[in-house]
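Reader: I would like to go through the salt bridges of this structure with you. Could we begin with the terms?

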Amino acid sequence: MKFKSLLAFMLGAVAVSASAQGFKDAVEYYRADQPDEAEIIINRTIDASGTDKSMANFYLGQIAFLRQNYANAKTFYEKGIAINAENGYNYIGLGRLALQQGDKSAADDFFKQAAKLNKKDAVLLTTIARAFYNADAVKYAKDIEKYIKDARKADKDCPAIYILEADMLAPVNIGDAAGYYEMAMNAADGVNYPEAFVKYARTYFPVNPKYAIDGLKKLLELQPNSALAQRELAEKYYDNDQLTMAAEQYGKYIQNPNHFKRDEQRYVGLLYFGKKYEESNALAAKLLTEDPDNFYMKRMRMLNFAALNQPEKAIEEGDKFFASKGEFVPNDYTTYGDMYIALGQDSIGVIQYEKALVLAPEKASLYKDISQVYTSANMFGKAAEAQQKYIDLDPEHTVNDVMILARRYMNAAATTPAESPEHDAYAKAALKAIEEVYAKVPDNLQVLTTRSRIYLVANNNEMNDEIEQQLVKIIEILDADPENVTSRKSDYIFALNLLGKYNLSKDREKAKAYYTKFLEINPENEQLRAFVESLK
């Protein structure tokens, strides 16, 4: 997506060096309440020709202050003054330290000195008001009001004033705060205050994500080279589950020299979720050459090869991943297990799923998944137990989940000795489950056929009158739709074959009718044809 610049003079018509933009990005991050990001860029660009070193030290001092490292903050402020004694901002920093130490008189002196050096500077005066606000909004209410008033005299339409007022309102009145951010955005100099756009988006996003995103899109049009604008828009797309848009925007953002390495990792993940597995895999491989121990990228290599249906390579990358140190999650093991299952190594796949369960023993869906894995590995008893655990844990389970449970218990019963206690327990559990389903959907063919099979297994595969009645009902339902002759042929064969056999000894005419119908549905079966002829 290409963004049109609304003001040609902003970073478009005017050539801006990468270093100047770098420090500018740092300032924007700090003002947008992202000090960690600001610090990274300041340290990266502090010796660049476009960096104001006095101001860089001021911001480093502010960041140290936020971390309560007051000694370091003082060192930075004093270094900033040594570089440029005419820069009032570092005096504000010293005044802020004085307030923190309870010396209001000393703070006032530093603030007055700062204001004297930068007369009629509305931004600086607002910064002093913010220092008082951050120290104690109630105690220094009059000082805050005075400096905001002085700032407004210097420039009544200064965006910095609106932003401070919005920040003060945000904890108590989100709507009014958003209004002040918007005034800052629409001010004549609003383009130079991207923090207004970012804070507006942050405030509005929980209420109206579209408004928040539209505000950031406008910022990016105004400042197409701003790392903050690029990153914030990508983040809001991500937060709003617009993963395709987020991936596209991140792709542009990571071309910015002031992007952060950790964001490249986020981009790898977004490409993966956007099903761009080859691109995601290539970037993950690149990042691993730069950082061979990157745990997250090793995970993504395994996940991407799994998504690309390349189980051998996925297992190879999985081996490296699980040899690493990090915090594994259930999906790591289930993905790894799926790759072994894809290669026919079900027993190893089961082991991986069991490791996932150790990490998340209360995760209902995991029991449902491992139930299927146990079934594939012919571990029918464990499959039934896992499906039962899933149903017990998830109150939102469906009728179909109970149907699956009935089949799992049926399989377990069918594969245990007929006279064993296990067979009896599994059969009873299967009957209980299928009756629960049957009570809700009594005329469903799948339910009826499964119910009949379960009754057979519970009765040691011997027919009785009750099972016969179920099979007759199945035939009646099948006969109601001629399409079933082809679409539900297996159901017909199951029912007719059992009905024919059951009636051979007690009602030969019935048996002959069932077998004749069986032959009509299955005319290619010559052995059946000969048998029907013998009945005649």
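Author: Helices here are DSSP runs (H or I) of at least four residues, numbered from the N terminus. Please note that the model is predicted.

Reader: Fine. Where do Lys146 and Asp150 lie?

Author: Both belong to helix H8 (residues 141-154), where they are 4 residues apart, about one turn of the helix.

Reader: What about Glu28 and Lys24?

Author: Their side chains meet in a salt bridge at 2.7 Å, N to O. The two residues are about one helical turn apart, because they are separated by 4 residues in helix H1 (residues 18-31).

Reader: And why does Glu28 count as buried?

Author: Glu28 has 5% relative accessibility, and buried means under 20%. Lys24, at 23%, counts as partly exposed.

Reader: Changing topic: which parts of the chain does the pair Glu354 and Lys382 link?

Author: Glu354 and Lys382 form a salt bridge at 3.7 Å, N to O. This pair links distant parts of the chain, with Glu354 in helix H20 (residues 346-359) and Lys382 in helix H22 (residues 380-393), 28 residues apart. Glu354 is partly exposed at 26% relative accessibility, and Lys382 is partly exposed at 39%.

Reader: Which residues are linked in a network?

Author: Salt bridges connect Asp33, Arg130, Asp167, Lys199 and Arg202 in a network.

Reader: Lastly, how many salt bridges are there in the whole structure?

Author: The search finds 38.

Technical notes
Residues numbered from 1 in each chain as written. Predicted model: local features only at pLDDT ≥ 70, side-chain atom pairs only at ≥ 80, totals over all residues. Heavy atoms only, no water. Salt bridge = Lys/Arg side-chain N within 4 Å of Asp/Glu carboxyl O. Buried < 20%, exposed > 50% of the residue type's maximum accessible area, 1.4 Å probe, protein only.
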